[in-house]
Amino acid sequence: MANKLLECSVFEPSDEMRQGTIIKFDTENEDEKLGIIVTADCDIAQNKHGRYLSYCNIITLDSYIRNYFIQKKCQKKIVEKLKSLKSQIQDFLHRELSDSAFEQLLQYDKETLKKIINKNSLINEILVVKPFCQKTEFSIGDYIVICNQKRKEFENEVKNFPGDKFFIANIPDPESTNEGFVVNLRRIKEIKRDDISVRYFGSIPSCFVLGKLNSPYKEKLAQALGCMFSDLGLSVDYENERNNIISKISGDYVK
């Protein structure tokens, strides 16, 4: 653990349970070990939480990269590749392909593809994407092949956290040497206030207080949570029309 804790500090005996309090569970599931209280301070102070506190899971940055970031990026990239590939094949064949016909085409071996598509570049693209079409879980090796990114590009992508994720550099856990944690703001759970132990002696309770998020990070977490739930989604048709117009207009500036 880094010597200097910026966002977090140890929970002192004189501290009260508040928003930003970090809790730890006695479980073997690494992605379920840590949580952070997100119930508003005013609700806790005025006892409006009905004995239950809301918390969000905290996972390590390594787990976020492997189990969330890579999975989402690979799935998105494969969809993009298949859409582009289908369009190229239709242009080559000079006819429309139904989704089922395109899916069937992806199952053919190289020799069969040569009889249908006499273009090596298209055949090679099919053979590259084919092994990933039925995958539900992707490795870092898959990501490298699918996304074809260099180290710097990869780092920049990881740094660009979505609005429903919040980064914490270090957490005051004497049993951990991990650096880098991510709060999953969409994964909100509840726990009874009485089930959280502030201090423990002897055997470890099922859930106990570990630390607290300091200002202004505590307020920033609350802001991120509020922004996520107040964000308004717009239709796909609107986004497609927006992208088409932007492409058309911006294309007049840069050829």
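**The cavity and its surroundings**

Reply: One cavity of 30 Å³ or more is found in the structure. Keep in mind that this is a predicted model. The volume of the largest cavity is about 30 Å³.

Ile 78, Lys 81, Val 128, Val 129, Phe 132, Val 145 and Ile 146 line the largest cavity. Six of these lining residues are nonpolar, one is charged and none is polar. Three helices each give at least two residues to the lining: H2, H5 (120-129) and H6.

In the whole structure, a search finds seven aromatic pairs. One of them joins Phe 69 and Tyr 143. Their ring centres lie 6.0 Å apart, with 45° between the planes, and the pair is tilted.

The cut-off for buried is under 20%.

Another tilted pair joins Phe 161 and Phe 167, at 5.8 Å centre to centre and 35° between the planes. Phe 161 has 25% relative accessibility and counts as partly exposed. Phe 167, at 33%, is also partly exposed. Both pairs belong to one cluster, in which ring pairs link Tyr 64, Phe 69, Tyr 143, Phe 154, Phe 161 and Phe 167.

Now turn to the strands. In a regular strand, side chains alternate between the two faces of the sheet. Strand E3 (residues 34-37) points Leu 34 and Ile 36 one way. Gly 35 and Ile 37 of E3 point the other way, and all of these residues are buried.

E3 has partners in E2 and E4. Strand E2 (residues 21-25) runs antiparallel to E3, and three bridges join them. Strand E4 (residues 52-60) is also antiparallel to E3, with four bridges between them. Follow Leu 34 as a landmark. Lys 24 stands opposite Leu 34. In E4, Ile 58 is the bridge partner of Leu 34.

Methods
Residues numbered from 1 in each chain as written. Predicted model: local features only at pLDDT ≥ 70, side-chain atom pairs only at ≥ 80, totals over all residues. Heavy atoms only, no water. Phe/Tyr/Trp six-rings, centres within 6.5 Å; stacked < 30°, edge-to-face > 60°. Buried < 20%, exposed > 50% of the residue type's maximum accessible area, 1.4 Å probe, protein only. 1 Å grid on protein atoms, 1.4 Å probe; cavity = no way out; pocket = protein on both sides within 12 Å on 5 of 7 lines; lining within 4 Å. Points joined across faces, edges and corners; volume = space filled by probe spheres on them. Nonpolar A, V, L, I, M, F, W, Y, C, P; charged D, E, K, R; others polar. Pairing = 2+ DSSP bridges.
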